[in-house]
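Me: I have a model open and want to learn how to read it. Can we go through it feature by feature?

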Amino acid sequence: MLKTNWHTHTYRCGHAVGTDEEYVVKALQAGLTTLGFSDHAPYKVPCSSERMDYSQYEDYKHSILSLKKKYQEKINIFLGMEVECYRDQWDDLSRYRREMDYCILGQHNLDLDTNSSYGFTQSWQLEEYVDRIEYACAHGLCDYVAHPDVCMYSYPAMDESVRKIAEKIADISIKYDMPMELNAGSGVRYGMHRYQDGMRYAYPTRMFFEEFAKRRTKIIVGLDIHDPGLFKTDKYINRALSVIEGLDCNIISNYDLVKAAKKRKKTFF
Ligand SMILES: [Zn+2]
Ligand SMILES: [Zn+2]
């Protein structure tokens, strides 16, 4: 069903399985025509369970570029990275921005290895989270925002503070013409969870997409895939789509992210 996926991990991040080539082969079998690799970016402090190590970076580039050449007649392969907006890691981020075809923003923490976005329970944490996203968009760090609602993972209820944050992120998306992702990864893979105000997936969350739909922000479906075996199933895409059922979302499927990245890099540098 999906022809393009920009959100693909590799074993280097420490929580994905399979070889790089298996991702390509399985994506081909599933009918994809464009496959973007976007593994978790390495930073100064190693963390073998969350992101690749510096020592793996050259191999990552080399491996994906080799596959791009090997499979060029069959599928468009691009080299990308999933980065966070950490202002004290800007040297590394600049290097990835220069060397990658594109970058996606997955703001997993407010700061390197602290203040996890999976643990927010207070509205000020959401405000900080939005600040990081706005800084990244304003400085041309990324080409789309992965799971913009990952900040809802632990948030107890979809209250007015959440509505305000969703509105802010939707406004940022419009202001910087920045696509937002409907994530079909682990937020839906592990089923619904009970929160104070009822059952829902950790993310995506309907309230965010209500605001995205109102403003017609660009939305890209991303598999956030960590296992090549999952390319062939629509189960998780369907779960993500069920969250936004009935909303008039502006899902774009033929967006040229690499072309957009070339333009955004001019903002960054
Ligand atoms: Zn991951
Ligand atoms: Zn990811």
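**Reading the model**

Reply: Start with one residue: Cys 137 sits in helix H4. Keep in mind that this is a predicted model.

Me: Is Cys 137 buried or exposed?

Reply: Count C-beta atoms around the residue. The cut-off for buried is 20 or more others within 10 Å. Cys 137 has 24, so Cys 137 is buried.

Me: Which residues does Cys 137 touch, leaving out those up to four places away in sequence?

Reply: Cys 142, Ile 172, Tyr 176 and Met 178. Cys 137 and Gly 14 are 123 residues apart along the chain, and their C-alpha atoms are separated by 28 Å.

Me: How do I describe two packed helices?

Reply: Two packed helices are described by the angle between their axes and the distance between the axes. Take helix H4 (residues 123-138) and H5. Their axes come within 10 Å and cross at roughly 5°. Angles under 35 degrees count as roughly parallel, so H4 is roughly parallel to H5.

Me: Which residues make the contact of H4 and H5?

Reply: H4 contributes Ser 123, Leu 126, Val 130, Ile 133, Glu 134 and Cys 137. H5 contributes Ser 161, Ile 165, Lys 168, Ile 169 and Ile 172. By class, the contact of H4 with H5 has seven nonpolar, two polar and two charged residues.

Me: At what angle do H5 and H7 pack?

Reply: Helix H5 (residues 160-175) and helix H7 (residues 206-215) pack at about 40°, with axes 8 Å apart. That angle makes H5 oblique to H7. Handedness is the next thing to read. The crossing of H5 and H7 is right-handed.

Me: Which residues of H5 and H7 meet?

Reply: On the H5 side: Val 162, Arg 163, Ala 166, Glu 167, Ile 169, Ala 170, Ser 173 and Ile 174. On the H7 side: Met 207, Phe 208, Glu 211, Phe 212 and Arg 215. The class count for H5 with H7 is eight nonpolar, one polar and four charged residues.

Me: What should I look for in a core?

Reply: In soluble globular proteins, nonpolar side chains tend to be buried together. Here the largest nonpolar core has 68 residues, of which Leu 105, Ile 133 and Cys 142 touch the most other members.

Me: What does Ile 133 touch, not counting residues up to four places away in sequence?

Reply: Leu 105, Gln 107, Val 145, Pro 148, Ile 169 and Ile 172.

Me: Now the backbone. Which residues have positive phi without being glycine?

Reply: Asp 113 is one of them, with phi near 60°. Asp 113 lies in the loop between strand S5 (109-111) and strand S6 (114-116). Asn 115 is another, with phi near 55°. Asn 115 is in strand S6. Asp 113 is partly exposed, with 13 other C-beta atoms within 10 Å. Asn 115 has 14 and also counts as partly exposed.

Me: Where is the peptide bond that is cis?

Reply: Read omega. From Tyr 203 to Pro 204, omega is near 0°, and the bond is cis. Pro 204 is in the loop between strand S10 (198-200) and H7.

How values were computed. Residues are numbered from 1 along each chain as its sequence is written. Chains are lettered from A and ligands numbered from 1 in the order in which they are written. This is a predicted model: local features need pLDDT of at least 70, side-chain atom pairs count only at pLDDT 80 or more; totals for chains, interfaces and linings use all residues. Axes are lines fitted to C-alpha atoms, for helices over the stretch in contact, and angles run from 0 to 180 degrees between N-to-C directions. Helices (H or I, at least four residues) and strands (E, at least two) are DSSP runs, numbered from the N terminus. Angles under 35 degrees count as roughly parallel, over 145 as roughly antiparallel, 65 to 115 as roughly perpendicular and the rest as oblique. A crossing is left-handed if the near helix is turned anticlockwise from the far one by less than a right angle, and right-handed if clockwise. Two residues are in contact if their C-beta atoms, placed from the backbone, lie within 7 Å. Ala, Val, Leu, Ile, Met, Phe, Trp, Tyr, Cys and Pro count as nonpolar, Asp, Glu, Lys and Arg as charged, and the others, Gly among them, as polar. A nonpolar core is a set of buried Ala, Val, Leu, Ile, Met, Phe, Trp, Tyr and Cys residues joined through C-beta atoms within 7 Å. A residue is buried if 20 or more other C-beta atoms lie within 10 Å of its own, exposed if 12 or fewer, and partly exposed in between; C-beta atoms are placed from the backbone.
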